[in-house]
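Visitor: I would like to learn how to read a structure like this one. Where do we begin?

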Amino acid sequence: MGIKQKTIIADLSTLGFEFTENDFNENSDYGRGLAVSLLDRYSKTGGNRLDEDNSLVFVPGLFVGSSAPSSCRMHVVSGRGAGQGAHISNITGDMPHRLSSSGVSALVIKGKAEKPG
């Protein structure tokens with residue numbers, strides 16, 4: 001039995017949300033691996049960075065919320081552009097802890113809003 005957390009998929013095109021439940025165990029993706037796996041699942045390759053087919057993925061680090069040093073980190077991943085792979089950033093702040101303590105293992109933002117703002 002693993003740890004149960006959820007992934008939130010926010011679709012800006014439809015203004016809808018989808019929740020999937022993750023059951024983490026010794027064979028699961030987590031951290032950067034989970035972020036890249038979700039990018040692959042929710043993005044189409046071959047598009048440009050700002051295309052609606054390019055998702056933005058936020059995944060809290062493995063030890064977020066623990067007393068481990070530098071444990072409040074998060075991976076932010078998106079596609080770079082046609083055939084250029086992924087852009088992976090590592091950030092800190094309150095968001096990683098807020099997501100993790102809420103039982104959220106990942107946030108995926110996809111689609112394109114009808115109007116900016």
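Visitor: What percentage of the 117 residues in the chain do buried residues make up?

Guide: Keep in mind that this is a predicted model. Buried residues make up 37% of the 117 residues in the chain. As for its surface, the chain exposes about 7500 Å², and carbon and sulfur atoms supply 51% of that area.

Visitor: Which pattern does the chain follow along the sequence?

Guide: Start with the inventory: the chain has two helices and six strands. Read along the sequence, they follow the pattern β-β-α-β-β-β-α-β. Among contacts with a separation of 6 or more, 51% are between residues 24 or more positions apart.

Visitor: Which residues of helix 1 are buried?

Guide: The general idea comes first. An α-helix has 3.6 residues a turn, so residues three or four places apart point the same way. Now the case here. Helix 1 covers residues 32-42, and its buried residues are L34, A35, L38, L39 and Y42. Seen down the helix axis, these buried residues fall within an arc of 135 degrees, so they line one face of helix 1.

Visitor: How many bridges are there between strand 4 and strand 5?

Guide: Strand 4 (residues 73-79) and strand 5 (residues 86-92) are antiparallel, and seven bridges pair them. To follow the pairing, look for residues that face each other: R73 stands opposite T92 in strand 5. The two strands form a hairpin, with six residues between them. In the turn, G81 has a positive phi of about 155 degrees.

Visitor: Why is strand 6 described as largely enclosed by the rest of the structure?

Guide: Count the buried residues in the strand. Strand 6 spans residues 104-110, and five of its seven residues are buried, so the rest of the structure largely encloses it. Strand 6 also has a partner: three bridges join it to strand 3 (residues 56-60), and the two run antiparallel. Within this pair, L56 stands opposite I109 in strand 6.

Visitor: Is H75 buried or exposed?

Guide: Compare the residue's relative accessibility with the cut-off: buried means under 20%. H75 has 10% relative accessibility and therefore counts as buried. This residue is in strand 4.

Visitor: Which residues is H75 in contact with, leaving aside its neighbours within four places in sequence?

Guide: The contacts of H75 are with G31, R32, A35, V57, F58, V59, S89 and N90. For R32 there is a further detail: its backbone nitrogen lies 3.5 Å from a polar atom of the H75 side chain.

Technical notes. Residues numbered from 1 in each chain as written. Predicted model: local features only at pLDDT ≥ 70, side-chain atom pairs only at ≥ 80, totals over all residues. Heavy atoms only, no water. Buried < 20%, exposed > 50% of the residue type's maximum accessible area, 1.4 Å probe, protein only. Helix = DSSP H or I, 4+ residues; strand = E, 2+ residues; numbered from the N terminus. Pairing = 2+ DSSP bridges. Arc of directions from axis to C-beta. Contact = heavy atoms within 4.5 Å. Areas by Shrake-Rupley, 256 points an atom, 1.4 Å probe, with all protein chains shown as cover. Polar contact = N/O pair within 3.5 Å; in protein donor to acceptor, adjacent residues only side chain to side chain.
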